[in-house]
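Me: Hi! Could you walk me through this protein model step by step?

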Amino acid sequence: MNELNGLSSLYTNALNQMNGTASVNQKTSDLPEGAEGFSNIFTDALQTLESKQADSTQAVEALVDGSADDLHTVMMKTTEAQLSLEVAVQLRNRGLEAYNEIKNMQF
């Protein structure tokens, strides 16, 4: 039962961080073991996704305004951003499925 409370608090912390409501001065001793590493990996992945989306947008804008003439590079950046977004959506879906399975377990 204690493990479920830990998972529940981890889920709540993740939601708060995504919504930007988590406190900045949170002690690392309050987090379960491994949560800090997961948080860092998750944050890095989201920042990478955001930068790929921004690169794609800049490449398309450069192609439209005429400052870039290499369609191949623009298509590669756009496809890379699209694939990164699809991976992020699939990871979110798998995470929600896992959470719902754990939530529906009967002890």
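Here are some questions with worked answers.

This is a predicted model, in which local features need pLDDT of at least 70 and side-chain atom pairs count only at pLDDT 80 or more, while totals for chains, interfaces and linings use all residues. Residues are numbered from 1 along each chain as its sequence is written, and side-chain values use heavy atoms, leaving out hydrogens and water.

Me: In what order do the elements of the protein chain run from the N terminus on?
Reply: Helices (H or I, at least four residues) and strands (E, at least two) are DSSP runs, numbered from the N terminus. The protein chain has three helices and zero strands. From the N terminus on, the order is therefore α-α-α.

Me: Which element has the highest mean pLDDT?
Reply: pLDDT is the predictor's confidence in each residue, from 0 to 100. The protein chain averages 79, and 67% of the residues score at least 70. Helix α1 (residues 2-19) has the lowest mean among the elements, 58. The highest, 93, belongs to helix α3 (residues 71-103).

Me: How far apart are the end C-alpha atoms of α3?
Reply: The expected span of a helix is 1.5 Å times one less than its number of residues. With 33 residues, α3 should span 48 Å. The model agrees, because the end C-alpha atoms of α3 are apart by 48 Å.

Me: Is Ser 56 buried or exposed?
Reply: Ser 56 has its place in helix α2. Buried means under 20% relative accessible area, exposed over 50%, and partly exposed in between (1.4 Å probe, protein chains only). Because Ser 56 has 9% relative accessibility, Ser 56 counts as buried.

Me: Which residues does Ser 56 touch, not counting those up to four places away in sequence?
Reply: A contact means heavy atoms within 4.5 Å. In α3, Val 74, Ala 81 and Ser 84 are buried, and one of the residues that Ser 56 touches is Ala 81.

Me: How does Phe 42 count, with 33% relative accessibility?
Reply: Phe 42 is found in helix α2, which covers residues 35-65. Because the relative accessibility of Phe 42 is 33%, this residue counts as partly exposed.

Me: What share of the residues in the protein chain is buried?
Reply: The protein chain has 107 residues. Among them are the buried Val 74 and Ser 84 of α3. The buried share of the protein chain is 8%.
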